[in-house]
Amino acid sequence: MNASLVSLEVFVVLLGVGLLLVDLWTPAAEKRMLGYGAAVALGLILCFSFAAGFATDTPQHAFGQSYVLDGLAMFFKRLFLLAAIIVLLMSVEFADRIEVGISEFYALIVFALAGMMFAASANDLVLLFVSLELITVTFYVLNSFQRSRLQSLEAGVKYLILGALSSAFLVYGIALVYGTANTMDFATLATQAKGLAAKPVFLLGLLLVIAGLTFKIAAFPFQFWAPDVYQGSPTPATAFLAFGSKAAGFVLLLRLLFSAVPDVTLHWARLLMVLSAITILYGNLCAIPQRNLKRLLGYSSIANAGYLLLGIAALNQAGASAILYYLGGYLFTVLAAFTVICLVMRKLAAEDITALAGLNQRSPLLAATMTLAMVSLAGVPPLAGFFGKFLLLRAMVQQGGYWLVAVAIVGVVISLYYYFGIIRAIYWSKDPSDLSPIEVSGPLRAALYGCIAGMFYLGVFPSALLRAATQAVKTLRW
Amino acid sequence: MSLLTSIICVPFLAAGLIALVPRNFRFGIRLVALLSTLVTLLLGTILFCLFQTGRAGYQFEQQIRWLDALGISYHVGVDGVNLGLVVLGTIVAFAATCVSWEIKTQEKEFYILLLVMAGGILGAFASLDLFFFYFFHELALVPTFIMIGVWGRGENKNYATFQITLYLSVGALIALVGLIAVYVQAGARTFDLVELTKQLQAKPLSVSAQNFIFPWLLFGFGIMVSLWPFHTWAPLGYASAPTATAMLHAGVLKKFGLYGLLRIAVPLLPAGAQNWLTLVAFLCLGNLFYCGLVAIRQKDLNLLIGNSSVAHMGLVFLGIASLSVVGVTGAVLVMVAHGLLAALSFGLSGYLYQQTRTLQVEQLGGLLRRLPFIGSALVMAMLAGCGVPGFANFPGELLVFFGAWHDYTAVVALAAWSGLVIGAVYMLRAVRHILHGPAREEWAAVADATPWRKLPFSLLLAGLLGLGCWPRLLTDAVEPRAAEIVKPFNVQPKVAPLKPKPGSLPRRNRRRPTA
């Protein structure tokens, strides 16, 4: 048992506990500054993760094969840390809208981060379940944190109900898999999968596990929670949910499908393609009439889960590295969009798209950030979203599934309509009611510049991240 | 640093520079934009003069490795086919910037978007790598959307901008899938066009694969060029766009799809081309007839020009579909000629709109006396659109007809009739309504162009007349490349060769000794 491998998670958990303790000695007026402290601490942990101790040429195991530290795990851990830093900066900005318990808010974000980092390293079904539950339960609380707002409570309850339902499916599936295979470990499952693939009970269990995972990534058939939860939750919680939960779900799906049961996955290409197609169409079509910006981004996140499923349905290494690259670009894009929403939409009633009117005069930086985020989500060069979609399409063309590529194109064109509708609202909507300038604090301004730089960098100089992504997926079994 | 890369980079650098200029310094913003496009124009002229006709391969090549894992590199170069298009791009970019004096609000954003669009267009035409070909073209998508939305005109501008953006994205994505399919099926692990051409000539794809992939490219590029029946985005989009956007889009960006067909689809997938281009030859009649007849009914000058521009694309499609040296050369010449023509027409109509605030042909009248320069320029533009000799469109259309006569005799007969007769009807009627007839009092105050304002129109007219009187300036460069492109198709032209045989002309008419 190699406990030093979990040092990153240990530091993160200690940071969370430390936040709760320091909160006891902090005067009420200063409590929101703890967020900056937590962000700095996470930044240090992120820098530490690049240290030599985490060299990932060979996968290293801890806790008896259930925890693995390889290139894939480190890739995702670093993405999660970066996302958490930006979300914490956003939360400091959002702190005036949380009446009480801001340090608990920060601590919960840090604990959710720990859950995501464990999920990146999960190498057996138990750790998969535990890390998923850690993320989900933390988000139950985060989503309903604004207790005086009915919408926030509603979001929390909906997330709770659907999350509990999907956890039930997940556990039932794990039980069936364990019952037939007599092991929870991914490596052992891989060696046994050929013989087990004939057993219907095993396949049913596996299907139920996948169905449970589709809840996390907001894909069909468990995607219904996304719009309501995105709309009602506090904006930083939504932002962390949008990126973190999706990425955690995908790393688990990648490990399950390609590390644990690759032989079964090869036969399920058509199922995965159908799931992807339905998700893309559902997300895009339902987003068209949306007027609430966060709700629209919820549907868009369903659609993005559909595109990412393209990478899984491609069943090749190109598809998996495309997923990693896409998630890297998605981080900057979605966090930038939610930061702008956090800054612009301060009143509950003002979450409509029309609240963006006149943003160009109020703050050119925010207008440019939102425009670039929408353009990147739409998949237009020279931004990160385009190259991610390009890689996903290439992986699918290599597989030969042209009908799914056609569905993806239809989805992209539909999405252009509503993303560009947001750009229209920013630049040329009807007379804006409020033209007061918007103040952007220093750290948040730095975060926005970082996100813009990230979007451009990943769109114009993709080789570095692509190399890292391709290296990371080599550990899966092809 | 090749001359081509400088031509492509200057607009982007200027856009970055303008982003730093303070918003209120309008003169400075406009000056930077004008100077940068002027520099691009000068570099383009130098490129044209330094280009050596008859030399095989690409000139001014530059290749920078970008992503080895996928075989993508920044690879630019000119040969006969895209030389004219690159120079056209620089001319129209300068003219469009000159014409934008009418933009009085948010100039900073406008010029940044205009320069990004211009840079993207130049990069797309110069690019020799399939990925960057698509990449540079898509750079123009968001600028078009925002420019039509913010600075456009007419009540339908919102609908128009969404229509043009979505429609063109459909075409672009279909073409992208075709490009990726070529990459995957060729198994070459490279997006570089030169490499792919070599590999696919040595080992072509199977006929069934080519027949499957070619329509993706054909319809993707076709939608982008307003091939009938996928053309409805063009007239309304151009009518609602600000003048500079319409000039760049209709004049230059539209040719991207045709260039893609000639550069990528036909050379890489010859069997597919042979099977599918017959369809195009008949669809082009839809362009010429349908859009020509629709143009006759138009009461708005911009809609008329938009429909006529769609109709002209039919001729280029016919030239490409003929797969003969003469036809393809004519197609390239029509592309360049029409680019100048569309830019000129939209520029002039933009000037008219500035002065009269309306483009309804019925409401205008007798303007030739008040606007001698603009009026004459408009007359020349309309005559050029009909295919009158002296302007660049005439030799181009003639070559297309000759080239396609062998395979598509009936189509050529109908096309010639529609291009000339229908074109003449709407063009001359527009001239009659706008410029001739009794002068109306409401237009007593319109003023003709001042000398500086005449500059872009003079430039475009000079291009049209120059190419019209000396088409060999361009066709000498195009012809060898066209011959290379059509070599797999073995169509024997039943017309006299373009260059006279030695000794066949009286001595004093010979300009230079022929080989």
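A residue is called buried when its relative accessible area is under 20%, exposed when it is over 50%, and partly exposed in between, with a 1.4 Å probe and protein chains only. The structure is a predicted model, in which local features need pLDDT of at least 70 and side-chain atom pairs count only at pLDDT 80 or more, while totals for chains, interfaces and linings use all residues. Residues are numbered from 1 along each chain as its sequence is written, chains are lettered from A and ligands numbered from 1 in the order in which they are written, and side-chain values use heavy atoms, with hydrogens and water left out.

By the accessibility rule, B:Trp228 is partly exposed, at 28%, and B:Tyr290 is partly exposed as well, at 43%. Rings of Phe, Tyr and Trp (for Trp, the six-membered ring) form a pair if their centres lie within 6.5 Å; planes under 30 degrees apart count as stacked, over 60 as edge-to-face and the rest as tilted. The count over all chains comes to 62 aromatic pairs. One of them joins A:Tyr457 and A:Phe461, a tilted pair with 5.8 Å from centre to centre and 40° between the planes. A:Tyr457 has a relative accessible area of 41% and is therefore partly exposed. B:Trp228 and B:Tyr290 also form a tilted pair, because their ring centres are 6.0 Å apart and their planes stand at 55°. This pair links distant parts of the chain, 62 residues apart: B:Trp228 is in the loop between helix H9 (207–224) and helix H10 (233–240) of chain B, and B:Tyr290 is in helix H13 (residues 270–296) of chain B. Helices (H or I, at least four residues) and strands (E, at least two) are DSSP runs, numbered from the N terminus.

Charged groups also meet rings. A charge sits over a ring if NZ of Lys or CZ of Arg is within 6 Å of the ring centre and within 35 degrees of the ring normal. The charged end of B:Arg153 lies over the ring of B:Tyr353, 4.6 Å from its centre, and that of B:Lys454 lies over the ring of B:Phe373 at 5.2 Å.

Salt bridges require a side-chain nitrogen of Lys or Arg within 4 Å of a carboxyl oxygen of Asp or Glu. Over all chains there are 13 salt bridges. In one of them, the closest N and O atoms of A:Glu9 and A:Lys77 are 2.5 Å apart. Since A:Glu9 lies in helix H1 (residues 7–25) of chain A and A:Lys77 in helix H3 (residues 71–94) of chain A, the pair ties together parts that are 68 residues apart in sequence. Both A:Glu9 and A:Lys77 are buried. In chain B, B:Asp79 and B:Arg263 form a salt bridge at 2.8 Å between their closest N and O atoms. B:Asp79 is buried, with a relative accessible area of 0%, and B:Arg263 is buried at 5%.

The two chains meet where 38 residues of chain B are in contact (heavy atoms within 4.5 Å) with 33 residues of chain A. Buried area is the accessible area (1.4 Å probe) that two parts lose on being put together, summed over both. Between chain B and chain A this area is about 3,200 Å², of which carbon and sulfur atoms give 83%. The count of salt bridges between chain B and chain A is zero.
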